[in-house]
Amino acid sequence: MSSVILQGATRLLVALILLFSVYMLMRGHNLPGGGFIAGLIASAAFVLYALAWSLQEARAALRVSPVKLAAIGALLSLASAVPGLLKGFPPFTGLWLFIGGGEGDKGIPISTVLLFDVGIYLAVLGAVLALFFTIEVD
Amino acid sequence: MDTEVHSGDQPPTGWGERIWSLALLAFPLGVTLWLLSLIGPVREHAPLVFGVSWIPSLGVELNFLIDGLSLLFGLLVSGVGFFVALYAKFYLRGHPLIQRFFFYLFLFMLGMLGLVLAGNLITLFVFWEITTIASYLLIGFNHEKASARRSALQALLITAVGGLALLAGLLLLGMIVGSYNFVEVLAAKDKVHSHALYLPILILVLIGAFTKSAQLPFHFWLPNAMAAPTPVSAYLHSATMVKAGIYLLARMYPVLGGSEAWLLTLNIVGAVTAVIAAILAMRQTDLKLALAYTTVVALGILIMFLGSEASVAIAAAITFILVHSFYKAALFMVVGIIDHQTGTRELTALGGLGRRLPITFAIAAAAGFSMAGFPPFLGFIGKELKYEGALAIAEEPTFVAWAAVFANALMVAIAATVALRPFWGRLPEKLQSVREAPPGLWISPLVMALLGLTFGLAPALIADTLVGPAVTATMGREESVSLKLWHGINLPLVMSITTFALGALAFYLQPQIRTLLNRIANWLPANSDTQWDRGLDLFKRGAALHTRHIQHGILKHYLAAVFAVASVLLLWGLMRSGGFDMAVNWERLTVKEWAAMALVFAGSLVAICTRTPLTAICSLGGMGVGIALIFLFFGAPDVAITQLLVETLFLVLVALTLHRLPHATEVSGTGFRFVDALLAVSVGTTVSLTILAVLQQPLISPTKEYFELAAVPEAFGRNIVNVILVDFRALDTFGEVVVVLVAAVGAAALLRRKLKPSVPHGDTQEEQT
């Protein structure tokens, strides 16, 4: 499949979709979204890229092997269990840090829950792409 | 005969590697010192308990308990572990996979330490399984050898089945007591003994202990485990892991011990194991195998003594654990040195090594004397105590005493065979150029042998510090133990002398005994090892048979079976509850909801009527979008988004797959379509009826309210679905992510294999690009 229009549009779209996926990831705690959905959106970006250009280019754009990415994601999620353990809570207890909070404003929240969701994001992205790349072998 | 010699010209090791290996050795040394520092506090005060909560809702904690018993075992694990690691560093020097070896070894060490220090039934079980897996990896370390792989699998299967039985037993025990913590469990003897489930629990726990500690009829995996490199045999399969079963029974003694079933089973199984293994040991000409069988003897004796209520019998068992660990680890390492320096450990090919390997000979002699139970070695004290203990066993004193004397006599003969025979007599031509091993190899067994001698000469060193507290912890009441070399002339001494006489006779007649035993073995139709193979074959054939019928590989039939069963079960459930209420409120539906339903309906209609698969898949996608819209209208935006995304990716994946399948150009014929239609209609009807029936019930859910109330104050999130996923139920989500990961890796591996030309097994594994 090589259509100039699709290829041209894809360059723009992929960047937007990836940005959108990060947006969905970050807002997931308060509004519809989250790691799973964001991971699916991000994988859709790579699927589109592979369809418009080629599988090799999509692989090259991902830089790491998808299985590795999925494993890293799962490990990140697992790592979010550790801070809770170290503080004497059950594993996966959410710990929060609010940076630069003031009056009426809690500041920027940084939490182990976010780390967990980022892990889910990468794991879903990696797993979907691992499947997609093997089906689409030339 | 397989040997495992890796010596030769090695390149000098770099600084990085040297620092790395020193750091490795620092771990067991540090643990040993830490445990030594705890001896005083634990003896004077209460046991030490510490840990973190793990799954509080299930009452599961990752916690540890250090009392006299766990301290003794912990010191054995870390102390012997330190010397074995030191030995292995020299023994496997230059081996290409030495890093992997040490990873496995330390994984085991960690598991074993966790096992003996565990303060909770679940913690104990988790570490128990870690030792099983590490043992599997270590036995199969020489993985190019089919025999090593077979032995590893055999050990894994036997000990893992025992582990499952143990898990069931521990869970039952925890349920009865109402807690998994040892502090509460160990205090609940009366409650457990009077419970109807006492016997099942006892049987399950005993299966776990007997498989791990190689008791009859599960003994055969241990000699086979000698396929592992010698440091592993010295460590796992003599000093530590196989004693996990002993530890378990000693740990459970206060709560499970003392009943008639406990006493009789332990006495009989232990005695029979000790006697039969001692006879089997006489047959062996491979030094390592002979030692392996005497390990089974020792384990049998230990089990036998735990089947007693007399403190002197328990003291005998505890002392013997120490004695055995010292001499057996030393002898294994000596055999390793012989193997390393001569290239063989076959008794018939060895002789006259005393002059060539003087230091090794001295170590072997010291360890052998301890094994045979000669004064002034610790082995003598251990043996005297054993005889005293045997006579004190209330159930079957004569039986146990005879078994102990018989097994010990043969141990004397085997000690002499292993420790003396390779060093005596004429040096064979082939071994003229043999030289003494480097100090790195003999320092560890030397320390082990010296410990046996030191503690024999000064038994007071361990009587109050290690043995006494361990006996106290095992019995669950205050006990003091006095260890002495000279007890005066009494019955145990007479039994000792009888043992030496019988042992000397057995040693003198050993060639004749071996011939006789070999003749008997040839005459027997099968031994347990071949029976194992037969059993495994039968199991595999059964698995193949049922796989052929159930897992036939036709995807369509799988789906048909799943749908048919699901709809039948749903229908059955509906009829039982009698809910066929079709109250549907059509007037409440708005235009947009009608539109979404029309989309769903149109999508399914096109999918049914079309003759090309691609169109069918696309129209199903349209139907999915309609369903996503319905989710959206009814206040589940997260589910709607997920549905939409999954639908999109699914469509792309299936379209691509269809593109690659040559025969997927048309859908199935009319006959199949009729069956499919029937199935589809029945699934659709039952699912619709079920949902309508569910809607008739008022939705009362305390969890929903809880999450609505707790989401913002406790987890700082307003999206309840996501808060549940990443915070309240994070462990479940993590499990799901792992499943996704495993599924992707598995599918990727399967698909990739299909697309590549298969490589014949055993050939080069390099992939062609």
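**Conventions**

I number residues from 1 along each chain as its sequence is written, with chains lettered from A and ligands numbered from 1 in the order in which they are written. For this predicted model, local features need pLDDT of at least 70 and side-chain atom pairs count only at pLDDT 80 or more, while totals for chains, interfaces and linings use all residues.

**Entry 1: the two chains**

I began with the secondary structure, in which helices (H or I, at least four residues) and strands (E, at least two) are DSSP runs numbered from the N terminus. Chain B has 30 helices and two strands, and chain A has six helices and two strands. Along its sequence, chain A reads α-α-α-α-α-β-β-α.

I then noted the extents along the principal axes. The C-alpha atoms of chain B fill a box of roughly 105 × 60 × 60 Å, and those of chain A fill one of roughly 55 × 30 × 20 Å.

For burial, I counted C-beta atoms placed from the backbone: a residue is buried if 20 or more others lie within 10 Å of its own, exposed if 12 or fewer, and partly exposed in between. By this count 42% of the 769 residues of chain B are buried, and 43% of the 138 residues of chain A.

**Entry 2: domains and the main core**

Chain B is divided into domain 1 (17-257), domain 2 (259-508), domain 3 (554-700) and domain 4 (701-755); such bounds come from an automatic or database domain assignment. I found the C-alpha centres of domain 1 and domain 3 of chain B to lie 51 Å apart.

I next looked up the nonpolar cores, each a set of buried Ala, Val, Leu, Ile, Met, Phe, Trp, Tyr and Cys residues joined through C-beta atoms within 7 Å. The largest has 199 residues, and B:Leu138, B:Val297, B:Leu302, B:Ala330, B:Leu331 and B:Ala367 touch the most other members. Helix H14 (residues 311-342) of chain B gives the most to this core, with 21 residues.

I took B:Ala330 as one member to follow. Apart from neighbours within four places in sequence, B:Ala330 is in contact with B:Ile363, B:Ala367, B:Pro445, B:Met448 and B:Ala449, contact meaning that the C-beta atoms of two residues, placed from the backbone, lie within 7 Å.

**Entry 3: where the chains meet**

The contact takes 42 residues from chain B and 42 residues from chain A. On the side of chain B that touches chain A, H30(B) gives the most, with 15 residues. By class, this side of chain B has 30 nonpolar, eight polar and four charged residues. Here Ala, Val, Leu, Ile, Met, Phe, Trp, Tyr, Cys and Pro count as nonpolar, Asp, Glu, Lys and Arg as charged, and the others, Gly among them, as polar.

**Entry 4: helix H11 of chain B**

I examined helix H11 (residues 244-256) of chain B, whose 13 residues reach 17 Å from first C-alpha to last, close to the 18 Å expected. The expected span is 1.5 Å times one less than the number of residues. H11(B) bends by about 25° at B:Ala250, and B:Pro254 follows within four residues; the bend is the angle between axes fitted to the seven residues ending there and the seven starting there. Of the 13 residues of H11(B), 12 are buried. Just after this helix, B:Gly258 takes a positive phi of about 95°.

Most residues other than glycine have a negative phi, and most peptide bonds are trans. I therefore listed the exceptions to this rule.

- B:Ala214 has a positive phi of about 55°, in the loop between H8 and H9 of chain B, and counts as buried with 27 C-beta neighbours inside 10 Å.
- B:Pro217 lies in the loop between helix H8 (198-212) and helix H9 (221-224) of chain B, and the peptide bond from B:Leu216 to B:Pro217 is cis, with omega near 5°.
- B:Pro375 and B:Pro376 are joined by a cis peptide bond with omega about 0°.
- A:Arg63 has a positive phi of about 75° and counts as exposed, with 7 C-beta neighbours inside 10 Å.
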